[in-house]
Amino acid sequence: MKYKLIHKTEYKYAEAVNNYHSLVCLAPRSLPNQLCQNFDIQISPEPSQIIDRKDFYGNTTHYFSLHSPHKTLTVLTTAMVERLTEETGSLFLPSEISCEAARQQLLGDRALKISLLEYMLPSPMIKWDQEVRNFAKDCFQEGMPLYACVEALCAKIFHEFDFVPDFTTVHTPIKDVIAAKKGVCQDFSHLAIACIRSFGFAARYVSGYLETLPPPGKQKLQGSDASHAWISVYIPDFGWCDFDPTNNIVPGERHIVTAWGRDYSDVPPLKGIIFSYGKHTLKVEVDVIPV
């Protein structure tokens, strides 16, 4: 599948902003099963320069700053992405390594554990306690395949929680999400990762896009798509395997990877510092267009 991605972010400020520094993390990754072509970023007002670099996790980021007064900021990114068919067949032959065997392998291989440690420890937005562990304990049985246990956890989140936009913010604690039984893809991904790490396994947060389909007989509205988030879990005999707890599916051709990290705080689409006062409004429009 080939897609054209369009992501437009617009800030409007009540008072003029005199200085603004921002880091943009919206360039899709190039992976064995995903090719990113013709990525472009346009910013208005136009900065003097845009600096791109790879972050610690290998994600492409773009830094820019503005030093003249402005009341509107627009960041428009476009890209062509091709999602390739899996060649290994791994998605259709789930791993059979048990939780116990996977844990022993992680504990017995020092180099492997060091390489995965940051995805096993608490991170800025993902912490857990006995309540979080209790939520997932019926999904993790020592003799069961780790892959199947993660699938069971994702299914539990999917069936027990309601997807409710705007109910939470990026700062809503995981325990509040459990209590309310609702949230969005970011919340469900954070919850799943917290559960998986609480049992001693490595999991990371994946940001990107998901092609959405309009209701039968309806035309897709321009700008109606959205960013998406899911998780990736390290399965010792397979490597990193993706799961989408929001939709209870294994990500495939319709999932487009932008970045990954320990949690959302490592890969927000835009992260900035402004020198101003007063309120502002934010509008985001996303299109994932098959071509």
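## Basis of the model

In this predicted model, local features need pLDDT of at least 70 and side-chain atom pairs count only at pLDDT 80 or more, while totals for chains, interfaces and linings use all residues. Residues are numbered from 1 along each chain as its sequence is written, and side-chain values use heavy atoms, with hydrogens and water left out.

## The largest pocket

The largest pocket has a volume of about 1600 Å³. A pocket is an open set of points, on a 1 Å grid over the protein atoms alone, with protein on both sides within 12 Å along at least five of seven lines; lining residues have an atom within 4 Å of a point. Volume is the space filled by probe spheres set on the points, which are joined across faces, edges and corners.

Its lining comprises 50 residues, with Val170, Gln186, Ser227, Tyr264 and Pro269 nearest the centre. Two or more lining residues come from each of several elements, including strand 1 (2-17), helix 6 (185-198) and strand 14 (280-290). Helices (H or I, at least four residues) and strands (E, at least two) are DSSP runs numbered from the N terminus. By class, the lining has 26 nonpolar, 19 polar and five charged residues.

## The cavity

One cavity of 30 Å³ or more is found in the whole structure; a cavity is a set of grid points where a 1.4 Å probe fits but cannot get out. The largest cavity holds about 40 Å³ of space. Among the residues that line it are Leu5, His7, Phe39 and Tyr209. Strand 6 contributes most to this lining, with three residues, and the lining divides into six nonpolar, three polar and no charged residues.

Contact means heavy atoms within 4.5 Å. Not counting residues up to four places away in sequence, Phe140 touches Cys99, Leu146, Cys149, Leu153, Ile196, Phe199 and Phe201.

## Helix 6

Helix 6 is largely enclosed by the rest of the structure, because 14 of its 14 residues are buried (under 20% relative accessible area, 1.4 Å probe, protein chains only). Gly200, with a positive phi near 90°, follows helix 6.

Key: Ala, Val, Leu, Ile, Met, Phe, Trp, Tyr, Cys and Pro count as nonpolar, Asp, Glu, Lys and Arg as charged, and the others, Gly among them, as polar. Buried means under 20% relative accessible area, exposed over 50%, partly exposed in between (1.4 Å probe, protein chains only).
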